[in-house]
Amino acid sequence: MSIIENKYRDNVIITSVDKFMNWARLSSLWPITFGIACCAIEMMATAASRYDQDRLGIIPRPSPRQADMMIVAGTVTFKMASRIKRLYEQMPEPKYVIAMGCCATSGGPYWQHGYHVMKGVDQVIPVDVYVPGCPPRPESLLEGFIKLQDKIRRETIATTKAA
Amino acid sequence: MDYFIQIVTDLLPGLDGLPVWLVIPSIMFMFGALIFTGISIYSLIILWFERKIAAHMQDRLGPMEVGGWHGWLQTVADAVKLLLKEDIIPAVADRKLFKLAPYIVFLAAFSVFAVLPFSDKIVGSELNIGIFYILAVSSIGVVGILMAGWASNNKWALFGSMRSVAQLVSYEIPIGLSILVVVMSVGSLSMRDIVMAQDGGIFNWMIWQNAPFNFIAFLILFIAGTAETNRVPFDIPEAESELVAGFHVEYSGMRFSIFFLAEYANMLAVGIIASTLFLGGWQGITGASSAPGIGLIWMLLKGFLIVLVMIWFRWTLPRLRVDQLMYVCWKVLVPISFINMVGAGIWIGLSS
Amino acid sequence: MESSEVFKLIESNYPDALKSTDLEGTEQSVTIDANSIVDVCNYLKTESELQFTSLMCLSGVDYEDKMEVVYHLHSLLHNHRVTLKVELSREDPKLPTVTTVWKAADWHEREAYDMYGIVFDGHPDLRRILLPDDWEGFPLRKDHVVAEEYRGWTIRKIKDGFE
Amino acid sequence: MPDLKTEEMVVQMGPQHPATHGVLRLEITTDGEIVKKIDPHIGYLHRCFEKHCEVLNYHQIIPFVDRCDYLAAMNNEHGYVMAVEKLLDIELPPRVEYIRVIMSELNRIASHLVALGTFGLDIGAITPFLFTFRDREKILDLFEMTSGARLLYNYIWIGGVAFDLPNGFVEKCFEFIDYFLPKLKEYDDLLSYNKIFIARTAKVAIIPPAVAIEWGITGPNLRASGVDWDLRRDEPYSIYDKFDWDVIVADGRVGVLGDSWSRYYVRVLEMEQSANIVKQALEGLPSDENVKSAVPRKVKTKEGSVFFRSENPRGELGFYIISDGSDIPHRLKMRSPAFCNLSAISDIGEGLLISDLVALLGSIDIVLGEIDR
């Protein structure tokens, strides 16, 4: 993670700092403009007027360097997998991944006979939130954002036992 | 500056005992810090404003959740988040240049504010060649952008910075020529003199003088100013759909936010310069007010108004192509502003 | 012009090229010898009363005992269409390219190569188009067996405990 | 400077690039900003559609057909289903035909709206994108009413449709058309006749008719080059011959024939015609009939093959089905329009500026799902 993680024990100041930092992170999740397949259209619909993800402070950025999360919106093929990994590696910490749709979650309808379809993007990059659906409705994606925000809310910079 | 020094010394009487060489720089530093804070706060406000305006133009609501009322803390959250992000320097980048570039860009944008007269009294430095200083200092930003593009070692960034340099260098010429029109009619390079020459209400503003030459000069300054700040329809250095993010494609976190800050500072600078030169500066519609602070409010109001028009452009217009951009500058704006300047000169010569 | 009339024209002009005609089935077609396909296509395209200027579709087909390449031609001017077939051996499917006749054949032929391994002699750039360059096998062949993994990623089944 | 050394630069555009509309990669060799050579790489979304067709039965293929061209799922279903019906010799109830045409044409409008919006986005205009999506949502509402899905419907079945039109659909559809037609004026004002937009797209990336035919370019892109050809009129399928409408052919009114602007504007005018067809179909809609009366329980095709084309929003969508008499196709080849349209890009794109290449790519309106299948 970034600069100050895992250096301090848990205490009152740390929890307040946590709260503030997490608030900033969860309030401004910028996804990378990156649609792969059908779900990308619903992702665009989420950004458009009716669903308006900007309400939650989510605006797409074209460059991975300036993005906080990646919405894997569509079927991940083997040809694409290494590119997705590379894009993920280009993003700065802390970074989050939403696997949008069944294809990105598990291969979806292409699970059985799709010889060129990766059965779940979690084989290449770690996923934070899975949004089911084929394709998920924009409401589902918004719910996915809210779930991700809940997850970020529980983060802490304090030393964890594992570290 | 003198006014500011006086205020500070009044507030802190203990300063009298200290040597002058210590007091003056520290007060200067305080003024600089004040301007920096001001620009930061302004950027946060205007960014939120831009997102709201854009959203309402597009039949949506824009930020609504963060901070409660209409998402007013949205940009604060964005800024804090950007500061907390990992700072990536690509392995193949030229590290020194890569680190230095955003600061140069910001420095250029920031230095301009030193001579901008926010009101009768509030001005960093009353240079007698103020407008000339602005032209000179603001071109330093080009170097920063070129450095950013080159040091990133990314082809899109290089494209972006090349475009940007061509654009910024070209558009300084129509800006210079249209500023000259004002300088000719006032007969001074000092910002203060220029504002004072527009004393006495809206009809004495520079934009209405020397009909129609000053008005044309204002339009040219505004168009070229939009180009200087890389805003749509002249945002080809960033050109989201062509060059991904242009010269700052490899920048993340804080360094990216500095570029952002510089862009919005530049916008405000253009707004304030245009309103100083043409729209009466700190003077209100009915003329200057003697009450303190009123001048500042007028100035910011006018500056914001121009920034808002730029925002309006951004969300309405498509962007030009790189060759068309150069065409607009060299074959349209430069000739017109040149003829305009000569015409204004003759007009002033005849009418004096 | 009806397909049968076109077949007659081909037969009279290229008696050696024509191997068989099928007028009975759901779709009338003619089978051409692999070596003369370019000549026949050139003739069909340039002959003023035929003018098959557009290649609608070029598909590879695998029967268990033979391979086939099917050309669907269409004339915008006369609004008529014709189906040509070329039979190939499964062991060494090889035929001359028609990219010299229609540029549109370029990607179609690459696709047929990618999926069936049909080699088009004289194609300017015959390499895989849909699958990655280092992919093994031709997936649409009937006897194709999907490999276990590609570059270390499992293709068929995913995740331990999944079955 | 006679001995100044210059080098050509190879730029990778994509697979993640805002202008490539998905996961297309263009390997561009540039001299400064001028494109010298384009090498398109596709297949990043190859989802093995044709393999699935060889293991699934005819009914089960429909959802996969949806996912090929996800912007025009109804049109794809319609094309596929008609191809299968040709193998089956099914007599359809007239109401089914009317419903199918209404759905296809509404989907054509929806697809063109996305094309226009994203094209605007490529040129740098952000607001038109949101406007077109706003109006597209209204069509999706209609689809949701009938099929329950927003994007991939699985609505048109072999021999019928999945559900009859719900109560109130006809009124809502009329309402939509009354709402939509004036909006076209809004797009014209905001984008089509914007001076900068015209400067960016007119006389840019011209596709002459001969080149278009040579590369197999079809649909609005072909009509933008001035070729008067529309399958709905020239090879009438379904009940398109019952309606009174015009085939839109570009006239190069602000630039020349076959430029990016023509390709854009053909779509704007086509939406008007589609709305026109929908209106007529709604007026002529036969009253209640069982829309599933002709749906076969088990698809038993005759042995043989069929090649059937229909007019997709992107061009001619062809299905080549070889049947061996079982309920699973022996081979199904999809002739996807965008595949052929995109293949021409290396020919047309040479010598353009990078910005013009973006305009070209946006104006031919590709959907990677059906290119890679």
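This is a predicted model: local features need pLDDT of at least 70, side-chain atom pairs count only at pLDDT 80 or more; totals for chains, interfaces and linings use all residues.
Biologist: How are H5(B) and H7(B) oriented to each other, roughly parallel or roughly antiparallel?

Modeller: Helix H5 of chain B covers residues 130-138 and helix H7 of chain B covers residues 155-186, and they pack at an angle of about 175° with axes 11 Å apart. Angles over 145 degrees count as roughly antiparallel. H5(B) and H7(B) are therefore roughly antiparallel.

Biologist: Which residues of H5(B) make the contact with H7(B)?

Modeller: By class, this contact of H5(B) with H7(B) has five nonpolar, two polar and one charged residues. On the H7(B) side stand B:Glu172, B:Ile175, B:Gly176, B:Ile179 and B:Val183. On the H5(B) side the residues are B:Ile131, B:Leu135 and B:Ser138.

Biologist: How do H2(B) and H11(B) lie to each other, roughly parallel or roughly perpendicular?

Modeller: Helix H2 (residues 20-57) and helix H11 (residues 253-278), both of chain B, have axes that come within 9 Å and cross at roughly 90°. Angles of 65 to 115 degrees count as roughly perpendicular. H2(B) and H11(B) are therefore roughly perpendicular.

Biologist: How many residues of the contact of H2(B) with H11(B) are nonpolar?

Modeller: The contact includes B:Phe36, B:Ile39 and B:Leu47 of H2(B), and B:Phe260, B:Leu261 and B:Met267 of H11(B). Two residues of this contact are polar and one is charged. The number of nonpolar residues is 11.

Biologist: In the open sheet of chain D, which strands stand at the edges?

Modeller: The sheet has three strands in the order E1-E2-E3, with antiparallel pairing. The edge strands each have a single partner strand, so one side of each is left without a neighbour in the sheet. These edge strands are E1 and E3 (34-41) of chain D.

Biologist: Which residue is the bridge partner of D:Met13?

Modeller: E1(D) pairs with strand E2 (residues 25-31) of chain D in the antiparallel sense, over five bridges. The partner of D:Met13 lies in E2(D) and is D:Leu26.

Biologist: What angle does the direction of H7(B) make with that of E1(D)?

Modeller: H7(B) packs on this sheet and touches E1 and E2 of chain D. The direction of H7(B) makes an angle with that of E1(D) of about 110°.

Biologist: Which helix gives the most to the lining of the largest cavity?

Modeller: The largest cavity holds about 460 Å³ of space. It is lined by 30 residues, with B:Ser138, B:Glu228, B:Thr229, B:Asn266 and B:Val270 nearest its centre. Among the chain B helices that each supply at least two lining residues are H4 (95-111), H5 and H7. The most, eight residues, comes from H11(B).

Biologist: Which element gives the most to the lining of the second largest pocket?

Modeller: About 930 Å³ of space lies in this pocket. Of its 30 lining residues, the closest to the centre are A:Arg86, A:Gln90, B:Asn154, B:Glu250 and D:Gln12. Two or more lining residues come from each of helix H3 (78-90) of chain A, H7 of chain B and strand E1 (9-13) of chain D. The most, six residues, comes from H3(A).

Technical notes
Residues are numbered from 1 along each chain as its sequence is written. Chains are lettered from A and ligands numbered from 1 in the order in which they are written. Side-chain values use heavy atoms; hydrogens and water are left out. Axes are lines fitted to C-alpha atoms, for helices over the stretch in contact, and angles run from 0 to 180 degrees between N-to-C directions. Helices (H or I, at least four residues) and strands (E, at least two) are DSSP runs, numbered from the N terminus. Angles under 35 degrees count as roughly parallel, over 145 as roughly antiparallel, 65 to 115 as roughly perpendicular and the rest as oblique. Contact means heavy atoms within 4.5 Å. Ala, Val, Leu, Ile, Met, Phe, Trp, Tyr, Cys and Pro count as nonpolar, Asp, Glu, Lys and Arg as charged, and the others, Gly among them, as polar. On a 1 Å grid over the protein atoms alone, a cavity is a set of points where a 1.4 Å probe fits but cannot get out, and a pocket is an open set with protein on both sides within 12 Å along at least five of seven lines; lining residues have an atom within 4 Å of a point. Grid points are joined across faces, edges and corners, and a volume is the space filled by probe spheres set on the points. Two strands pair if DSSP finds at least two bridges between them.
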